[in-house]
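Please open the structure in a viewer and keep the selection panel at hand.

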Amino acid sequence: MPPLNLKNRPALLNLRQPLTSIFIKNLFGNISFVVLLNLLVKPLWLVLENKVQNQIGHKAFGTFAALFSFTFLFTALSDLGIYHYFTKQTAATPSFMKVHLPIILPFKTLISFVFPFIMVLAGWLIGYRLPELYYLVLIGFVFTFTQFTLFLRGVLQAHQLFNLDSVMSVLERFLLLFLVGVLLYYGITLETFVYARLASVLLAFGILYFIFRRTFGAFPAKWQPRQFMQLVKLSFPFAVINLVYGINEKIDMVMLERLATSQEAGIYAGAYRWVDAVMMYVWTVLPIFFAKFARHQREPQEQQKLLHFGQVMVSVPLIFVSVFVFFYGEKLFWQFSNSSAAEMQVMLLNLKILFANVLVHGFFAIYSTVLTSSNWEVTVSKLVAVSIVVNVMLNFIFIPVYGSLAASCNTFISAALVSGGYLWLLQPKIGIAVPIWLILKLALSTAALVAIFYGLSLLSGNWWLNTILAGLALLGLLLITQVVRIADLKANLFSSKN
């Protein structure tokens, strides 16, 4: 089968097309498709992973969570920022891929195989010993193939092949569902769980690589160290931002296991899993907006429209889920039959604090995306680095005393700090006005939703009925406050005009 002729795709005919109603309609369709796929796969994975933790125990799972988070801290070393830089440049200029991909692939392959052994050395330096180091090398390979998969998916995103990318985004988790389901039936251990993670990543990478070759053709490797180092220099700001984001997101789990206990880390992981699940929606949607912002980076008016749309798409689902957790978070822990009442209470309190952090990200994560896609990666990295310093200092002080609750509170404080910085940078750096009225309307809708949930909880103890009614009420609030306007829905989503 010959390589796909991308020149025939209408979305690529005009790289500077205006943000018209058909553009928004297509973007909404892309996002809806990826969200649907995630809704089909991710909830099942949550159920299985809860069952895994319930079977192997908080201590064993806490060890895995700490090792996984420790590896996540250094994923920038397995990619060097190439994924984001390559996606951004290819989205703006599709011919960039043909010239530079043959140079990148051989070096990226080499880095990918070296990375797990770097992680083993780093783990040994901070005190890990066998069998933790054995698990660490396996998890290192999980991450290195995950990063390679993300890189290939970035090419799909850059060419606006979002539906194909959406399928690839859930493939690994779909395979993992099957493998872990089999293990749970026959009896699962920490070791076999790690094997399943590695096997699913390898299978997903192999399938994606096959599709990539059939779609784009072959790219014979070119060993050109000088040109590669030039690319790494240009991608370095993205490597820095990936490093600081990784530290910002996962440092708490590592510090909990080191400063407290694996048991405490496991309890935190039980709550944080739901944060990861919800935030996966954000990390799935934002790469689509990253590619769109990059394509229109010299068109502030188009970016302003896209920002408004992105703010609503990211914020609204996270507002609803966060308020639900505040009232009915205990419903998410029904599988932990082997946990004590005290452990359940701590997990629930962690969950509520962490979802305050999710709510902050729901309001402001889109601003990080527009900044990084507009050549302000280093500035954003410095801002995130400041929040990391604050978080780590607070962790050292409070984790030995308050354990996982301290980690949750410190995560919220650092998220609020960095989000304020995004808003402060937006206007001066890229000339886009902060949509103050939109943020205020969303905040008002959030406060009203809290009141609605509270009122419904007084009238009825049926949590699922209250949740449905609150969801319908939120939709009404969005229409009343004109966060979502019927005229825009008709023009942008249901119009068939080009």
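**First stop: a cavity lining**

Select Ser69, Glu249, Lys250, Ile251, Asp252, Met253, Tyr268 and Tyr272, which line the second largest cavity. On a 1 Å grid over the protein atoms alone, a cavity is a set of points where a 1.4 Å probe fits but cannot get out, and lining residues have an atom within 4 Å of a point. The model is predicted: local features need pLDDT of at least 70 and side-chain atom pairs pLDDT 80 or more, while totals for chains, interfaces and linings use all residues. Residues are numbered from 1 along each chain as its sequence is written, and side-chain values use heavy atoms, without hydrogens and water.

Next, colour helix H9 (225–259) and helix H10 (262–295), each of which supplies at least two residues of the lining; helices are DSSP runs of H or I, at least four residues, numbered from the N terminus. H9 gives the most, with 5 residues. The lining comprises 4 nonpolar, 1 polar and 3 charged residues (Ala, Val, Leu, Ile, Met, Phe, Trp, Tyr, Cys and Pro count as nonpolar, Asp, Glu, Lys and Arg as charged, the others, Gly among them, as polar).

**Second stop: two packed helices**

Now select residues 300–328 (H11) and 436–459 (H15), whose axes lie 10 Å apart at an angle of about 25 degrees. Axes are lines fitted to C-alpha atoms over the stretch in contact, with angles from 0 to 180 degrees between N-to-C directions. H11 is therefore roughly parallel to H15 (angles under 35 degrees).

Conventions. 1 Å grid on protein atoms, 1.4 Å probe; cavity = no way out; pocket = protein on both sides within 12 Å on 5 of 7 lines; lining within 4 Å. Parallel < 35°, antiparallel > 145°, perpendicular 65-115°, else oblique.
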